[in-house]
Amino acid sequence: MLQFLEQDKESVEWLNSFLQKFWVIFEPVMSAYVIDNIDTYLVDYLPGFLDSVRLTTFTLGTKPFRVESVRMLPEPGPDTVTMDWIVSFKPNDISDMTRKQVEHKVNPKVMLTIRLGKGMVGAGIPVLVEDMSFQGAMRIKLKFMSNFPHVKMVEACFLKKPHFDYVLKPIGGETFGLDVTNIPGLQSFVRDQVHAILGPMMYYPNVFSFDVEKFFSGELDITQANGVLAVTVYSTTTINSRDVSWTVNPYIRFYLDKAQELGRTSVQENTLDPRWNETHFLMLNSLTSTLSLELRNQSSGTKDRRIARAHFELKELDEDDDYSLQDMDLDLRHNGKPIGQIKVDMRYMPVSKPIPRDDGTVEPAAESNSGILRFTVHECRKLGSMRLNPYVRVTINGAERINTPIFKRNPNPKFERSGEVVVLDQTAVFIRVEVKDSISLAEDPIIGVWRSYLVDMIQDMDNNPDGWWDLALDNGNKAMGRIRLGFQWKPVVMTGLSEAMGGRGLYMPPIGVVRLTFWPARDLKNVDGVAGKSDPYVRVLSGSQIRTRTEVIDNNLDPEWGETQYVPIHSNKEDLKLEVMDWNAKTKDKSLGFTTLRMVDLVKQCTGNQPKNPDKWYEYSSDRNTAKGELQYTAEFHPTLALPRRQAELPTADLHGVPIRYTPDDIVDLSVYNSGVLTVKIHEVKMPTVSHAYCQILIDALMPQFQTQKLKGRTLTFNETGDAFVKEADFSRVAIEIKPADSDDKDDLKLGYWVDQVTNIVRRIQSNRRSGDEDEEGEWFQLLGTTIPGGWIRLSFDYTPLVNFTLNPDESLDNQGQLTVTLLDAKELMAADKSGTSDPYVVFTVNGERVHKSATIKKTINPAWKNETFTVPIQSRVTASFRIEVFDWNQFLGDTPLGSGGISIRGDFVESFVAKQVRIPLDGVAGVSGHVRVRFLWQPQLLIRKKTHTSILGTTTVNMNTSTNSSSSSSNMLSPTSAATMRPSPTSASSIVSMQDRRSIDTMSINEDALAAQQGDGTATGMDGTATVQLIEARNLRGPTPLNIKVKDYNRFSTSVELGQCQWNLWDLLRPQDQVTSVDRWLPLYPTGHGEIHVRIDFSGLVNNCTFFICA
C-alpha cells in the first residue's frame, strides 16, 4: 500500500469537501480583513505618478481553491513527510458545482480607486480586476515534532512555473471597461515580472520555509529583537594613507549579512587614527548571522565611500558562557587585503523569557528595568476632513523611531507600523507621538499630539486595554481625533554591563583623572597663508567628546601654553586624543595635527585575589616631559577612591591603602575630599517654548567638558551622563547651559542655564545617601535666563573623591580673579620741593605693565586720596608682581621719583572676599622715606582670555594702561552673560584698550567722580519704604547688550558694600523676533539668597529704544 502511494497520485476529495464548507465561513472574514488592512501595504509600493490607491471592494468568490491530487515521496527521516500537490483556483469553472451552488455563486472581484495627479487637479479612477484563475504544482515538506503544534517546519516550492490569468479593466469599470491585457505583449510582460519575483523565492530548487514552532512561540518575526548586543568600539590602527586618496572622516557602520543597517558610530573628522570609545546597543533576532563592521568615509558632497570591512561570526558569542568577548582585534580588509585592525568589546544579552520547569510549572521571566521596547502605531479615527493626508511621527527620548507612510485623503488611516528601541532605564523613557498633515508647499502642520512617560503609559494601559488615546495640541487644548497605540516590553537583564564595558552611551564610574600640562609646540603648520599665522590651541578628545582645551595663542607657529588641564578617565582602554587646532572666527577650526595618549601605557591596573568578580583599582603613574612629534606635554594619572566590593565590616581603608573618612553615621564623608570627579546626569529639560537645543556641562572651566545630543521639542529627554574634575569643592561651581542646536562655543547664545556651588551639591548627595535615596530619578531645578519664565531641568549627581592628591597652588581657583585696589594715603614722603613738600601721585604696575595712575595731591608729604579705586584682573596670583612707584609732579622740570615698593599678593596680605589694608614701604631712591597705605580686595574668578566666548562662570580679561580715577567692582557672581559680554580685540587674547574703548567693552566700569558729584553731602536721612527708580530709555542698542544691575549699601566714609547683583543679556529677556517686546518680572540677585529686584522693560522696534522701570 505504501509503495502504491509513493508511485501514484491520490485524490483528496475529503479535504476539498472540508474546504468547501469552511470557505463559506473563512472567505468573508478574510476579505473584510484585507479591505481593512491592505492600504497599509499598498502605500509602501505606491508609484510616484499616483497620488493614492484605495481598495474599495475585495472578494474571492464563493468557490474555494482545490487540491487536485497528492503524491507521496520517500524520505529517509521518520519525522519528515514530502508530498507533491496539484493546486488550482478556478472560480468560473461550474462543472463540479451543483445547481444551487451555481445559483448563489459570487465571482471574485477586486475594485481599486486610483487617484492621478496632485492636490486640486487630481482625479479618482476606478480599476477592476476580475475573472482570476490559478493552477500549479507544488512540493510540500513537513517536519514533525512531539510537542504542540506537532509540525515544526513547513517547506514549499513550485516544481514549475504556475499558470495564472485575470481580466484588468482600468477605465470604465465592469460595464464599459476594456480588458487591457488584450493589448499585445502586456499580459506576457506582467506574467514574466511575476515569475521573476517569485522565482528566487520558491521556484524549485529554491524553497520557502515557514517555522511553525517559532510562529506559535512568537519568535517568527525576524524584525523583532530577541536580544541586545552591546558593542564598544575603541579605535582602529592607523589607516594606511596609500589605501585612501581623499580626506578621511571615518565612522563605523554595523549591519548583518549585508542587510539593514543596525547603527553607526560618530564621525571622526580628518584623521587616519580614529578613536571612538563608544558603546552601541544593537538589537538582534538571533546569534546565527555575521556582524559586519564597515569603516566608511563621510563625504559632504558625494556618497559615503567604504574604506574597509571587518566581519565577526556571532555564534562565537553563543559559545561563551557569559556571551561576552573582550579586547578583540578584528581585521579590517580593503579589496581583500588587510589594512589594519579595529579594537572592540562585545556582550550579548538575551531577552528574558519564561522557563518551563521539570514539574510542569513555568518560571516567570526575570523582571528588569532595562530591555527592548516595541512600540506600535495601529490607527487613527475621526481626524477631520477628507482632505487630510495624515501620517504619524514617533520620537522616543527625542530620537525619531517611527515615521509612517502618508495616507492620502483618509481621516481614518490604519498604519500598523512598529519600531523597537533599546531602553537602559524604563523610568527615563519619554514618548511623543505627532499626527501630521502632509502638505506640499509649507511645513506639515500638526493635527494632534499624544505624549507620555513609559511608566505612566504602562499604568494607564490597565484602565485602557484597547489602547485608544485622545489627541491634544501642544498648548494643551483638545484636538480632533483619537489614536490607537500599543507596546510590548521585553526585559533584558544588563547587570554589571557598565563595569564590563565602557564608552559613550554607557556611563562608567571614573577610575581617576589625567593631569595634562601642555608646554610648547614647535614648527606648526601655517594654514592662514600670507594673511598671517595659525592661531593654535590644544583640545583633548575622548572619542568624539571634547573634554577640555587650552587658550588660543594668536599668530604663532611656536606657541607656549604652560597650561594644566584635568580629564576624568573611566577605563584603561579610554585613550585620549591630543589635537592642535587652528582657531578661526567665521569658519570651522582646522586641525594642525594630533597625537594619542594611550591609557594602557599610563594607567597601572591592580586586581584583587577574589576568585570571582575581583576588586580592581588603579595606581598613580606619570609620563613626564613627553614629546610627541612637535607637542610637548606632561601626563599624570591620579586615581579615585576605590572601595572594596563586598566586606562584612566597614572598610577602614580603600584598595590603595588610604584611610577612608566617615561621618558619625558611617557614611563616606565626601565633604572632606576637596578634589574629585562630579558626575551629572541630565535627565530632561522642559522649555517654555519648542526648542532645538543641546546641553553642556561646565565645572571650573570656561569651555564645556561635556555636551549632549541635540533634541527638539518642549520636553527634551536627554538621559545622558557626563562628568568633570572638581579642583576645589569649596570654590567650585557647576553650570549647565542650554544652547541652540545651531550654536557653538564661538557665540554666547543660551536658551537658559542652571548653576550652583559644588558644596551644595555634595551636601545634597550626602543627604540622599543618608536617607537611602540614590537619587535615580533626579531633582527638578528652575532654569535661569530663559526667554519667558517656566523652564525646568531634572538632574542627579554623584561625587567620586580623589585620593593622595594635592592641588598645586598656581592651579587653585583662588589663584585667578579680580584684585580691587584702593589707594588710601601715604606718610612721611620725601620732600622734593624747596618748600619742604611734594606734589605726589602713585603709579601701579602688575607684571611690569602699568595699570593705574592716581590723582596728584598738591603740597603735602602726607597725602590722602578719596575714591581712588581700580580693579585689575590677575591671571596668576602666585606669580604676579605688584609694584607701586611714587612721583613728585613737576610741570616744567619733569616728574621726580620719590620711591617705589612691591608686595606679594599670594600670602597673608590678600585674602579672598575680605578687604585688608597693607602698608607698602618705599625704597629705591637715595634719601627715600615713608610708606603708602592701600586696601586690597581679592575676588577669585575665572578669567576669559578667549577671543569670542563668554561664560556664566567667568568674566573677560581687560587690561588698562590709562590713568584715571575709576572704580570697577566685580563680584564672583553667576550670570547669564559675563560682565564683559562684548568681545575683546580679535588680534589680542588679552586686550589693551583706552578708557573710551573700554567703556564699549567692560560694562562693569563706573566713573566714581561722576558718582560723587551726584551723591550730595551725605547729610540726608531716609525712612522705611519702597523706592521706585525709573530709567527713561536707551537708544541705538546693538548686538549682545549687557544689562548690569547692582544693589549697594552706601557708606560715606568707606567703600560701598555690594548687597547683590544681576547681569543679563538684554536680548535674553526681550525677544522682538518672537514678539516678546515687554518683560515684567522679578530677577534674582546673586550671590544666591540675596533677594530679588523687580524690573519692567518695554521695547520699541521702530526707534530701537528700550524703556526701563525698576522697583527695588
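This is a short walk through some local features of the structure above.

Before we start, a word on where it comes from: this is a predicted model, so to speak of a local feature we need pLDDT of at least 70, side-chain atom pairs count only at pLDDT 80 or more, and totals for chains, interfaces and linings use all residues. Residues are numbered from 1 along each chain as its sequence is written, and side-chain values use heavy atoms, with hydrogens and water left out.

Okay, let's begin with glutamine 268. You'll find glutamine 268 in the loop between strand 11 (261-264) and strand 12 (275-284). When I say helix or strand, I mean DSSP runs numbered from the N terminus: H or I with at least four residues for helices, E with at least two for strands. So is glutamine 268 buried or exposed? It's buried, because its relative accessibility is 3%. The cut-offs are these: buried is under 20% relative accessible area, exposed is over 50%, and partly exposed is in between, with a 1.4 Å probe and protein chains only. Who does glutamine 268 touch? Apart from neighbours within four places in sequence, its contacts include Val248, Asn249, Pro250, Trp276, Gly543 and Ser544. Contact here means heavy atoms within 4.5 Å.

Glycine 543 takes a positive phi near 65° in the hairpin of strand 28 and strand 29, which has two residues between the strands. Those two strands run antiparallel and are joined by four bridges; for two strands to pair, DSSP has to find at least two bridges between them. Across the pairing, arginine 539 stands opposite arginine 549 in strand 29. Strand 29 (residues 545-549) is largely enclosed by the rest of the structure, because four of its five residues are buried.

There's another hairpin to look at, made by strand 20 and strand 21, with two residues between them. In its turn, asparagine 397 has a positive phi of about 55°. Strand 20 (residues 390-396) and strand 21 (residues 399-403) are antiparallel, with four bridges, and arginine 393 stands opposite asparagine 403.

Now, salt bridges. Side chains of opposite charge can pair when their charged atoms come close. The rule used here asks for a side-chain nitrogen of Lys or Arg within 4 Å of a carboxyl oxygen of Asp or Glu. How many salt bridges does that rule give? The count comes to 39.

Let me pick out a few. Glutamate 379 and arginine 484 meet at 3.1 Å, N to O. Glutamate 379 is in strand 19 (residues 371-381) and arginine 484 is in strand 26 (residues 478-491), 105 residues apart. Glutamate 379 counts as buried, at 8% relative accessibility.

Next come arginine 522 and glutamate 560, also in a salt bridge, at 3.1 Å, N to O. Arginine 522 lies in the loop between strand 27 (512-521) and strand 28 (536-542), while glutamate 560 is in strand 30 (residues 560-569), so this pair ties together parts 38 residues apart in sequence. Here arginine 522 is partly exposed at 31%, and glutamate 560 is exposed at 54%.

Then there's arginine 764 with aspartate 756, at 3.8 Å, N to O, and both of these residues are buried. Finally, salt bridges that share partners make one network out of Arg393, Glu400, Arg432, Glu434, Lys436, Arg451 and Asp474. That's the Arg393 that sits opposite asparagine 403.
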